[in-house]
Amino acid sequence: MIPAHIYNDAEIFELERERLFRRAWMFVAHESEIPQDGDYVVRRLLDDSFIIARDSKGDVRAMFNMCLHRGMQVCRAEMGNASNFRCPYHGWSYRNDGRLTGLPFHQEAYGGEAGFQKRGQTLLPAPNLASYNGMIFISLDAQAPPLEEFLGDFRFYLDFYTRQSGAGLEVRGPQRWRIKANWKIGVENFAGDMYHTPHTHASVVDIGLFREPKAQKRKDGATYWAGCGGGTTYKLPPGTFDERMRYVGYPDDMVGRIKQMWSDDHQRVVGDDGFMISAASCFPNMSLVHNWPKIQDSDDVLPFISIRTWQPISENETEVYSWFAVDAAAPDQFKKDSYKAYLMCFGSTGMFEQDDVENWVSLTNTAAGSMARQLLLNGRMGLLADGTPVVNALPPEQFHGPGVAQVGYNENNQRAILRMWADHLEMPPVAPNPATIGGRPDGITPLAQTNGTSACQAAHQEV
Ligand code: FES
Ligand SMILES: [Fe+2]
C-alpha cells in the first residue's frame, strides 16, 4: 500500500535529492551525440549542470559547468563543438578536457604562475562517470558501485534496445519539456503499467494507429524485473525468430545484423518464448520504449526506440528529456520512417504522451492536500489477499531472460521501483566530497568503458 502524498511532498523530495539522486547512476547522454573531438552537450542533473564533452584526445568527460573564479556557468549553449570554453563573466578559459588555460591579466592581477598557478587547475569532474553500450551515466557519489554492478541483470534488457548491430545506436534530440507531475509517476508507468494502455489510450486504438493494443492482447504480454529495472512485453503470434522480428516491422537486413549481436537467450525470448520488449524503466529515472505503430494507410507497422529521463525539478514538476534512438546501420528509409513513428507516439507531439500526462498532472495535484495524507493507495495488483501471486512466475523454459517474469496485469514492477526508492530514502546521506578550489588533471579519469560496444569510441580510435 502506498501513501498517496509521496507523489507531491516537499519533505520527501528533499530526501530524494539527498539520499537517492546523490548516489544513483543516472543516464545523461549517448556517445553518438558527441561523435567528433570537441563535441559537447550540456545536461542538468537536478540542480547541477554538466558539460559532457569529447576532448581533443577523443576521451569523454563530464565537467561541472561552473567557473572556478566566481561561479558563473561556463558553457551556456546546449550543444556544440569547441576546443575551449570561455567564461562569459571575466573570461577565464578552459580546454575541452577541463584544464584552466587562459586567465586575463594573470601577471598583473595574480602575480603570474608564482602567485596563482593555473597549471594544475581544472573544472570539477563529475564524481563518477561510466558508459554501457555508448550510454553515458553519471553518479554524484565518488564511492558509487561500478555502473555494471548497479545495472545488474537489467543490462540484458538494455541490449535489446541498444545493440542491434556493431555500429551501435544513433540518437536524435533530446526533445525537452516540463510537466507539472511528480517524476516517479512516469517511471512507474513505463516500468509496468500495461493495465492503463487500453483505457487511457483508447482513442489511439480507435483511430487504428495500432494493430493490437486491445485490452485482451495487452494482458497476454509478460512483465519482467531484473537488477535495477523492469519492463513490459507484448505476446507475439506463432512463428520463428525471423518471422516475429518481421511481424513488428524489422527489414531482413536488420534482422540479420540483430542475430549477430543478440545472445542465444535474447533470441529465445523472441523466437521461442514469443515476447517482444516494449516499455521499461531503469531505476531511478530512465525509461525506454520500443513500439511498432502503423505509419501509413496500410497494415504495415514500423518499430521505433526511444530513451528518456525524468529529471526532477521539484516534488510537482519534472523535465522530460526524450531521445529517438535507431541502429546506426539501419537503412536510411527505415531511420526516416522510424523517426516518424516515434514522433507520432511520443515526444512533445506524441499522442500517447498527451494522454498520459493528463493523468499524471491530475494525480500530482490531488496528492498535495491533507486528505492525501490519510490515504493508502492500492498498489497490490497481481497479489492475492495473503500476498501470494495471482499468476505464478514464468519458469525458465518459458522465459529465457534473467530476473522474474509474469504474464498478465500486475504491479510487480511498480512495487519493485518503490521498494528500491524506499531503501534509498532510508540510507544515510552520502558522505560529502571535500571542497576544493578546482580539480587536478592527474585526479581525473575520463570515461571508462564498461561492457558492450561503443561505436563512437571505436570509430574515433580507427580515425
Ligand atoms: S566567474 Fe568566470 S571568469 Fe570570473
Ligand atoms: Fe501511456
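Tyr224 stands opposite Ala405 in S20. The model is a predicted one, in which local features need pLDDT of at least 70, side-chain atom pairs count only at pLDDT 80 or more, and totals for chains, interfaces and linings use all residues. Residues are numbered from 1 along each chain as its sequence is written, while chains are lettered from A and ligands numbered from 1 in the order in which they are written.

- Strand S13 (residues 222–226) pairs with S20 in the antiparallel sense, over 4 bridges; strands are DSSP runs of E with at least two residues, helices are runs of H or I with at least four, and both are numbered from the N terminus.
- Two strands count as paired if DSSP finds at least two bridges between them.
- The open sheet has 8 strands in the order S12-S18-S17-S16-S15-S14-S13-S20, with antiparallel pairing.
- Strand S12 (169–179) and strand S20 (404–407) are the edge strands, each pairing on one side only.
- On average, neighbouring strands of this sheet are turned by 20° against each other, direction ignored; axes are lines fitted to C-alpha atoms, for helices over the stretch in contact, and angles run from 0 to 180 degrees between N-to-C directions.
- Helix H5 (residues 154–162) packs on the sheet, and the strands it touches include S12, S13 and strand S15 (275–282). The direction of H5 makes about 115° with that of S15.
- Residues are in contact if their C-beta atoms, placed from the backbone, lie within 7 Å.

- Strand S2 (residues 25–30) pairs with S11 in the antiparallel sense over 5 bridges, and Trp25 has Ser139 in S11 as its bridge partner.
- Strand S10 (residues 128–132) is also antiparallel to S11, over 5 bridges, with Ala130 opposite Phe137.
- S10 and S11 form a hairpin with 2 residues between them, and Asn133 in the turn has a positive phi of about 50°.

**Domains and core**

- The domain assignment, automatic or from a database, gives domain 1 (24–132) and domain 2 (151–426).
- The C-alpha centres of domain 1 and domain 2 lie 35 Å apart.
- Contacts join 9 residues of domain 1 to 16 residues of domain 2. S2 gives the largest share of the domain 1 side, 3 residues.
- The largest nonpolar core has 115 residues, and those with the most contacts inside it include Val28, Phe137 and Ala325; such a core is a set of buried Ala, Val, Leu, Ile, Met, Phe, Trp, Tyr and Cys residues joined through C-beta atoms within 7 Å.
- This core draws at least three residues from each of domain 1 and domain 2.
- Not counting residues up to four places away in sequence, Ala325 touches Tyr161, Leu169, Val171, Ile305, Ser306 and Ile307.

**His201**

- His201 lies in the loop between helix H7 (197–200) and helix H8 (202–206).
- His201 is partly exposed because 19 other C-beta atoms lie within 10 Å.

Methods. Buried ≥ 20, exposed ≤ 12 C-beta atoms within 10 Å, placed from the backbone. Contact = placed C-beta atoms within 7 Å.
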